[in-house]
Amino acid sequence: MKSIVPPPPAIVHNDVAAVQALFQQFVVPSYGRFDLVLSHGTGSNVYDICGKRYLDLGGGIAVNVLGHAHPAITEALIEQSRKLIHISNLYYQEKQGRLAQALVQLIGPGKCFFCNSGGEANEGLYKLARKFGHEEGRFEVLTTINSFHGRTLAGIAATGQDKVKKGFEPMVEGFRQVPYNDLAAMESAISPATAAVLIEGIQGEGGVTPATPEYLLGLRRLCDDKNLLLLMDSVQCGHFRSGRYQSFQRILEGVPGGESFLPDGISMAKSLGGGFPMGAFWVRDKYADLLGAGTHGTTYGGTPLACAVALKILEVIEREGLVRNVRETGALLWSGLEGLSRKHPAVYRSARGLGFMLGIELAQQIPNLPGESTKMNSVRMANVLHEMGLLTVPAGPNILRLLPPLNLRPDEAREGLDILDAAAARLTATQLRVGAASQRGGGTAHSGESAQPN
Ligand SMILES: Cc1ncc(COP(=O)(O)O)c(C=O)c1O
């Protein structure tokens, strides 16, 4: 009998070139990808298809909140998928209600809307701002320079980085950027059309820069005075990554007036689903019914499956005391990074960030390795670290981010620091060697093409 099942694709397993060829032929090339083909992982370790192990301190860019292949997530997926995966938002289901309740308890009085990504969660906040200002003809959202709010059309208009806008003009109307952590700049940018202010509690893609307590409290006062919504994009810095559920809670710890601080809307994604794609936004009680029936929706938002995973993640974080781990192991990592900056000033400059949202600033001109083509410092450094078995995430030209799972163990943090140390030593030694050779007439520090990789 003739089979109707197509033959399996002619791909040889464990063949890097074959996998890359599939991408070259069939995947839209909108990402700059590293030369790694990953196959599986466990905890904070991930393996490529040749079996090489990497310590994953990138965490899928702040997504893999419990690391790879956590059994509780696997179980939640299996258990829920045996009952109900999807029903549409035409109907009620307990899991979504329970997750909304849990998030409200973690943030403050309000309500939640569920969607599928960070960009989409922000879209909800823009619509909230427009609905809020609509009767008075106000629609503008002020955001900050170096911010990142996603790749949707409104997301790139909101984002304070030209590189995401280039080629997609004209921008969606109603977004303007001002310098971050500059209250006076925000105040003077307010126009009669302004409806809301949107900031990240810790700028992520822009280079791991936390808001100052004065900025947060000042923005709250400003928004109250001018009747504006204060919106926070917590897609990357939220979900306990800072050492509290929300980064503003951590930043304002012990600051007079800090405990009562609340924004009016918060977008979430990434760690919320731990790798299962989901997003959400929270709206403060006062504005929680602004988006009434028929005003906003998405087919997959808050499916029983997504919510079961998110609830399980919250349970594990609580049961395993992971917030404490973020604070303690985060402090270990931070001081380790500071130490490395002092030890290797030709490579590392300084540590930045909070908890498990950390960055290390690279020196302006880190030494080249022989054979390297000149690329952004952060990308070059990430490549060197890949060779040495460590995954990190570049943020702009000069910063590497560490966004590990919240259950990263102290010994794993130390292993990461050791690799960063060894990588810097390797770069510095190469520079000294190439420098000495060039003094003898053997080449220059930038003659990578002709030199042999060591
Ligand atoms: C702060 C912030 N907002 C929004 C987004 C967009 O999220 P997503 O890629 O899930 O659309 C990101 C993604 O990196 C982000 O870091």
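This is a predicted model: local features need pLDDT of at least 70, side-chain atom pairs count only at pLDDT 80 or more; totals for chains, interfaces and linings use all residues.
Me: Noted. In which sense do β5 and β7 pair?

Reply: In the parallel sense, over three bridges: β5 covers residues 140–144 and β7 covers residues 194–200. In general, strands of a sheet pair through backbone hydrogen bonds, either parallel or antiparallel.

Me: And what order do the strands of that sheet have?

Reply: It's an open sheet of seven strands, running β4-β12-β11-β10-β7-β5-β6, and the pairing is mixed. The edges are β4 (110–115) and β6 (175–178), each of which pairs on one side only. On average, neighbouring strands are turned by 20 degrees against each other, ignoring direction.

Me: Which strands does helix α4 lie across?

Reply: Helix α4 (residues 94–107) lies across β4, β11 and β12, at about 130 degrees to β4. There's also α9 (residues 213–226), which lies across β7 and β10 and runs at about 145 degrees to β10.

Me: What about the ligand? Which residues come nearest?

Reply: Ser 117, Gly 118, Gly 119, Gly 150 and Gln 236 come nearest, out of 15 residues around the ligand. Helix α5 gives the most to that shell, with three residues. By class, the shell holds four nonpolar, eight polar and three charged residues.

Me: Now the backbone. Where is the cis peptide bond?

Reply: Between Glu 169 and Pro 170, with omega at about 0 degrees. Pro 170 is in the loop between α7 and β6. As background, most peptide bonds are trans, and most residues other than glycine have a negative phi.

Me: So what's the phi of Asn 146?

Reply: Positive, at about 75 degrees, although Asn 146 is not a glycine. Asn 146 lies in the loop between β5 and α6. Lys 270 has a positive phi as well, near 40 degrees, and lies in the loop between β11 and β12.

Me: Does Lys 270 count as buried or exposed, and why?

Reply: Buried, because Lys 270 has 29 C-beta neighbours inside 10 Å, and the cut-off for buried is 20 or more. Asn 146 counts as buried too, since it has 20 such neighbours.

Key: Residues are numbered from 1 along each chain as its sequence is written. Two strands pair if DSSP finds at least two bridges between them. Helices (H or I, at least four residues) and strands (E, at least two) are DSSP runs, numbered from the N terminus. Axes are lines fitted to C-alpha atoms, for helices over the stretch in contact, and angles run from 0 to 180 degrees between N-to-C directions. Two residues are in contact if their C-beta atoms, placed from the backbone, lie within 7 Å. A residue is near a molecule or strand if its C-beta atom, placed from the backbone, lies within 6 Å of it. Ala, Val, Leu, Ile, Met, Phe, Trp, Tyr, Cys and Pro count as nonpolar, Asp, Glu, Lys and Arg as charged, and the others, Gly among them, as polar. A residue is buried if 20 or more other C-beta atoms lie within 10 Å of its own, exposed if 12 or fewer, and partly exposed in between; C-beta atoms are placed from the backbone.
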